[in-house]
Amino acid sequence: MTWTDMTRDWTRNLSHLAQRFSYMDRTALANGAMDQAGLTGHLAQTHDLTLTEAQDALQDWMSTLRTPSNAGTDRRADAA
């Protein structure tokens with residue numbers, strides 16, 4: 001998933017994101033898509049991560065999600 005894919009359906013993807021990052025403040029994020037740096041900073045702050053760790057974790061999470069551009073590469077389905 002790309003950042004553009006992420007923001008295209010922010011509400012649905014935010015729900016999925018909250019499953020992975022359980023300490024994030026969904027209320028603060030629910031007002032609309034923020035930029036990737038803002039989300040990374042939020043995840044770092046709420047999960048006691050460095051910015052680099054948060055960026056890596058977000059990229060790893062995004063790489064597991066199915067989008068039209070990577071429909072054949074859903075890693076979650078492979079892990080089941």
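Visitor: Where does aspartate 60 sit?
Guide: Aspartate 60 lies in helix H5, which spans residues 51-63. The model is a predicted one.

Visitor: Why is aspartate 5 called buried?
Guide: The relative accessible area of aspartate 5 is 12%. The cut-off for buried is under 20%, so the label holds. Aspartate 5 belongs to helix H1, residues 3-8. Across the protein, buried residues make up 34% of the 80 residues.

Visitor: What makes arginine 8 exposed?
Guide: Arginine 8 has 62% relative accessibility, and exposed means over 50%, so arginine 8 qualifies.

Visitor: How do you know that arginine 8 and aspartate 5 form a salt bridge?
Guide: Their side chains meet at 3.0 Å, N to O. The limit is within 4 Å, so the pair counts. Both residues lie in helix H1, three residues apart, about one turn of the helix.

Visitor: How many salt bridges does the structure hold?
Guide: Two. Arginine 12 also forms one with aspartate 9, with the closest N and O atoms 2.9 Å apart.

Visitor: Why is arginine 12 called partly exposed?
Guide: Its relative accessible area is 43%. That falls between the 20% and 50% cut-offs, so arginine 12 is partly exposed. Aspartate 9, at 32%, is partly exposed as well.

Note on methods:
Residues numbered from 1 in each chain as written. Predicted model: local features only at pLDDT ≥ 70, side-chain atom pairs only at ≥ 80, totals over all residues. Heavy atoms only, no water. Helix = DSSP H or I, 4+ residues; strand = E, 2+ residues; numbered from the N terminus. Buried < 20%, exposed > 50% of the residue type's maximum accessible area, 1.4 Å probe, protein only.
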